[in-house]
Amino acid sequence: MSEFWKRKLRTFLHILDFDKDGYISEMDYANMGRDFADAYNATPEKRDDLAKDFVSVWKKYMKAGDMEKEPRLTLPVLVESIRQQLYDPELMNCASRVMRGMFELMDVNQDGYLQPDEHKAFFANVGVPEGRFDEKAAFDAIDVNGDGKLSFDEFIAAFYDFFFSQDESSPNKFFFGPLVD
């Protein structure tokens with residue numbers, strides 16, 4: 001796998017490692033789902049469903065790890081797991097459920113699309129500090145049909161491109177904000 005691709009995965013882990021201990025535990029992942037749902041005042045049922053879906057993805061990401069001895073999602077484990085499961089339908093289904101749940105919460109006006117302000121809130125809720133990069137450019141890159149709103153299909157396609165593409169020119173490399181070194 002390319003260094004560029006690993007850099008995207010480092011960015012993903014960096015953003016989601018809220019306690020900055022170098023890994024993401026199952027509890028960290030469950031809490032991410034709950035915290036994201038809480039940021040949008042979700043119902044307790046939606047909150048629990050999203051947390052369960054987050055844990056399902058964590059378990060898929062841990063495929064290359066040792067769940068018994070060291071249940072920690074680190075960069076080497078994530079890289080190897082994604083490499084092993086590239087385009088695996090089970091992983092993609094788990095990730096789609098999480099992204100669908102997040103999309104539905106982010107769609108505050110419930111019109112079935114993300115408006116620019118709804119998309120911008122996503123970055124705040126995944127830990128990207130405001131003003132760190134051009135959220136409008138990220139939005140415009142995902143909005144492939146140029147209609148000024150993001151459909152779920154556009155959103156999930158950008159997410160998959162972030163995780164699976166090694167195309168350094170893809171604007172979706174900024175799906176989770178600026179890449180870390």
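In helix α4 the residues Val 77, Leu 78, Val 79, Ser 81 and Ile 82 are buried, where buried means under 20% relative accessible area, exposed means over 50%, and partly exposed lies in between (1.4 Å probe, protein chains only). The cover over the buried residues of α4 includes α1, α3, α5 and α8. Helices are DSSP runs (H or I, at least four residues), numbered from the N terminus.

The model is predicted: local features need pLDDT of at least 70, side-chain atom pairs count only at pLDDT 80 or more, and totals for chains, interfaces and linings use all residues. Residues are numbered from 1 along each chain as its sequence is written, and side-chain values use heavy atoms, with hydrogens and water left out.

**Nonpolar core**

- A nonpolar core is a set of buried Ala, Val, Leu, Ile, Met, Phe, Trp, Tyr and Cys residues joined through side-chain atoms within 4.5 Å.
- The largest such core has 57 residues, and those with the most contacts inside it are Tyr 29, Tyr 61, Met 102, Phe 122, Phe 159, Phe 163 and Phe 175.
- At least two residues of this core come from each of α1 (3-16), α2 (26-39), α3 (44-61), α4 (75-84), α5 (89-106), α6, α7 (135-142) and α8.
- Helix α5 gives the largest share of this core, 10 residues.
- Met 102 is in contact (heavy atoms within 4.5 Å) with Phe 36, Leu 50, Phe 54, Phe 122 and Val 126, leaving aside its neighbours within four places in sequence.
- In soluble globular proteins, nonpolar side chains tend to be buried together.

**Aromatic pairs**

- Rings of Phe, Tyr and Trp (its six-membered ring) pair if their centres lie within 6.5 Å; planes under 30 degrees apart count as stacked, over 60 as edge-to-face and the rest as tilted.
- By this rule the count is 22 aromatic pairs.
- One of them joins Phe 36 and Tyr 40 in a tilted arrangement, 5.1 Å centre to centre and with 45 degrees between the planes.
- Phe 36 is buried at 3% relative accessibility, and Tyr 40 is buried with a relative accessible area of 15%.
- The pair of Phe 122 and Phe 176 is tilted because the ring centres are 6.2 Å apart and the planes stand at 45 degrees.
- This pair links distant parts of the chain, 54 residues apart: Phe 122 is in helix α6 (residues 116-125), and Phe 176 is in the segment after α8 (152-164).
- Phe 122 is buried with a relative accessible area of 0%, and Phe 176 counts as buried at 4% relative accessibility.

**Charges over rings**

- A charge sits over a ring if NZ of Lys or CZ of Arg is within 6 Å of the ring centre and within 35 degrees of the ring normal.
- Arg 72 has its charged end over the ring of Tyr 23, 4.4 Å from the ring centre.
- Lys 149 has its charged end over the ring of Tyr 113, 4.2 Å from the ring centre.

**Salt bridges**

- A salt bridge is a side-chain nitrogen of Lys or Arg within 4 Å of a carboxyl oxygen of Asp or Glu.
- The count by this rule is 10 salt bridges.
- Lys 46 and Glu 104 meet through their side chains in a salt bridge (2.9 Å, N to O).
- This pair links distant parts of the chain, 58 residues apart, with Lys 46 in helix α3 and Glu 104 in helix α5.
- Lys 46 is partly exposed at a relative accessible area of 23%, and Glu 104 is partly exposed at 42% relative accessibility.
- Lys 60 and Glu 90 form a salt bridge between their side chains (3.4 Å, N to O).
- Lys 60 lies in helix α3 and Glu 90 in helix α5, so the pair ties together parts that are 30 residues apart in sequence.
- Lys 60 is buried at 15% relative accessibility, whereas Glu 90 is exposed with a relative accessible area of 54%.
- Arg 72 forms a salt bridge with Glu 70, the closest N and O atoms being 3.8 Å apart.
- Arg 72 is partly exposed at a relative accessible area of 35%, and Glu 70 is partly exposed at 45% relative accessibility.

**A buried lysine**

- Lys 8 is found in helix α1.
- Lys 8 is buried yet has no salt bridge, and the nearest side chain of opposite charge, Asp 161, is 5.5 Å away.
- For charge, Lys and Arg count as positive and Asp and Glu as negative, while His and the chain ends are not counted.
- Leaving aside its neighbours within four places in sequence, Lys 8 is in contact with Asp 161, Phe 162, Ser 165, Lys 173 and Leu 179.
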